[in-house]
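Please study the sequence and the structure shown here before reading on.

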Amino acid sequence: MNIQKLRANCRPHLWFQLYWVIYLIWFFWLDLTIKDPKYIIHSPIDDLIPFNEWFVIPYCSWFLLLAGVTAQKL
């Protein structure tokens, strides 16, 4: 089966989901294999930013929105 026929039969959002599967496998493999970080990204300004518990709700709802939009296409 050639690629053009496969693309015509599948829905476009499935390619996006396939990308995420590959990305997550690669991410967790790197997380397990690289133990000593080469770059530590931190600045003294980061210590001045206060943590507000109420901002966790919109932050987490963003990920629910992304999952909902992807699932809606099914």
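The pLDDT is the predictor's confidence in each residue, on a scale from 0 to 100. For this chain the mean pLDDT is 82, and 80% of the residues reach 70 or more. The model is predicted, so local features need a pLDDT of at least 70 and side-chain atom pairs count only at pLDDT 80 or more, while totals for chains, interfaces and linings use all residues. Residues are numbered from 1 along each chain as its sequence is written, and side-chain values use heavy atoms, with hydrogens and water left out.

**Helices**

The chain contains 3 helices and 0 strands, in the order α-α-α along the sequence. Both kinds of element are DSSP runs numbered from the N terminus: helices are H or I runs of at least four residues, and strands are E runs of at least two.

**Surface**

The chain exposes about 7,700 Å², of which carbon and sulfur atoms supply 71%; such areas come from the Shrake-Rupley method with a 1.4 Å probe, and for residues only the protein chains shown count as cover. A residue is buried under 20% relative accessible area, exposed over 50%, and partly exposed in between (1.4 Å probe, protein chains only). Buried residues make up 3% of the 74 residues.

F16, Y19, W20, Y23, L24, F27 and F28 make a nonpolar surface patch of about 710 Å². Patch residues have over 30% relative accessible area and no salt bridge; like charges are joined within 9 Å, and nonpolar side chains (Val, Leu, Ile, Met, Phe, Trp, Tyr) within 5 Å. A salt bridge is a side-chain nitrogen of Lys or Arg within 4 Å of a carboxyl oxygen of Asp or Glu.

**Aromatic rings**

Rings of Phe, Tyr and Trp (its six-membered ring) pair if their centres lie within 6.5 Å; planes under 30 degrees apart are stacked, over 60 edge-to-face, and the rest tilted. This rule gives 6 aromatic pairs. Two of the pairs are set out below.

| Pair | Centre to centre | Angle between planes | Type |
|---|---|---|---|
| F27 and F28 | 5.4 Å | 80 degrees | edge-to-face |
| Y59 and F63 | 5.2 Å | 80 degrees | edge-to-face |

F27 is partly exposed at 43%, and F28 is partly exposed at 47%. Y59 and F63 both lie in helix α3 (residues 56-72), 4 residues apart, about one turn of the helix. Y59 is exposed at 55%, whereas F63 is partly exposed at 46%.

Y19, W20, Y23, F27 and F28 form one aromatic cluster. Y19 belongs to helix α2 (residues 12-33) and is partly exposed, with 47% relative accessibility.
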